[in-house]
Amino acid sequence: MFNLLSKIIFYFQKPQVIIVTGKGCSCAAEAIYQILRKSFSATAFGKGRKVKKIIDDKLPFNPGKNEILIFETKIKKTKTLKFLVKNSKRPILVVTHIGEIPPGQDYNPPTTLPPSAGPFFAGEKKDTEEIVKLAKILPSQGHLVLNFDDETARGIKDLTNLDALTFGFQEGADVLATDIKLNTGTNFKLNYQGKVVPIWLDYLFGKEQIYSALSAISVGIILNLNLVEISQALKNYKSLPGKMRLIKGIKNSLILNDSQSASVFSMTEALEILGKIEISGKRIAVLGDILGIGKYTIGAHESIGERVAKNADLLFTIGSRAKFIAQGAYIKGMTKEKIFQFDEISQAGKTLQKEIKKGDLILVDGSKEMEMEKIIEEIRVF
């Protein structure tokens, strides 16, 4: 519990509270903080570089009346959060996405995977139970910010009488991203109530980064920030390490760092992006095991290999499951001379360093448990 003094101060000061949840909450909380930090006194709590943690339901400081508190959370326990939203002057609940993000509208899932929802997708409804409980106790002055493309997240709006702002790629979203282009980062057009503003995410790639920006833009709109100011603030958004960020590599190469997490969908998208970024050298995919997909393990990894054959010049695999990526790439025409397989990361570093040349782009991806960031440390420039 909060200590009594903090509780009393919070109750009377009633600071603005923003709760950020869903699978993309870490990046979204960072983006929200970046947009608000210059216009407000803002403090964020969670896993990010700019945020702090709440430990054992204890608020570590006495918030001021005009302070904005940003909480990144998976909402497994709601006791603390209930106190925060009930006593905030205008709480905002941001739901990023509940389901896995499909890599693209043209994505055709392999037969070994569950069918895709197409341009829309949906998370398991059981995963929203605690979120819905929290949404239902938000006061009337509260706001919802919901991912329009995730049908489960979008459906939370129908369960409350709160004002809701939706964001996404699909027509019908209040805050809409269109005209997405890749260069040394991601550019897209923000569409809101007839206004169109360009957004730049320097050195960042992937739908999750765009969703994070859109959720932050939505919060900024609720707090009456100017769209041009929001666009300028996002130019300084760096996201989190290992989340589809472009960094400098050895020998004047570039690294697309997605080493902190991986699903079949996210790795597929990362490979498609690897194939689209314009470079002067080779495209190298360094891929580790994808964990937690059960009976789909072999077929899913082989399907990833098919994408590798289309989008990469060289393939490095690390782990027992990733060998099926190599198998899939080989079946689709990648020659054995271009495929390097290793059981452990420690075995791969020196061989990879020898293959890297000026102008190359190296994608590093895999489940967090594979510790693919160790490869990054061997080939990056500090």
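This is a predicted model: local features need pLDDT of at least 70, side-chain atom pairs count only at pLDDT 80 or more; totals for chains, interfaces and linings use all residues.
Residues are numbered from 1 along each chain as its sequence is written, and side-chain values use heavy atoms, with hydrogens and water left out.

The protein chain has twelve helices and 16 strands, taken as DSSP runs (helices H or I, at least four residues; strands E, at least two) and numbered from the N terminus. Of its 382 residues, 56% are buried (under 20% relative accessible area, with exposed over 50% and partly exposed in between; 1.4 Å probe, protein chains only). Among contacts (heavy atoms within 4.5 Å) with a separation of 6 or more, 69% join residues 24 or more positions apart. The accessible surface is about 17,300 Å², and carbon and sulfur atoms hold 49% of that area (Shrake-Rupley method, 1.4 Å probe; for residues, only the protein chains shown count as cover).

Helix 6 covers residues 207-222 and has 16 residues. From first C-alpha to last, helix 6 reaches 23 Å, close to the expected 22 Å (1.5 Å times one less than its number of residues).

The structure holds zero disulfides (pairs of cysteine sulfur atoms within 2.5 Å). For cysteine 25, the nearest cysteine sulfur is that of cysteine 27, 8.9 Å away, and this distance is too far for a bond. Cysteine 25 counts as buried because its relative accessibility is 0%; cysteine 27, at 1%, also counts as buried.
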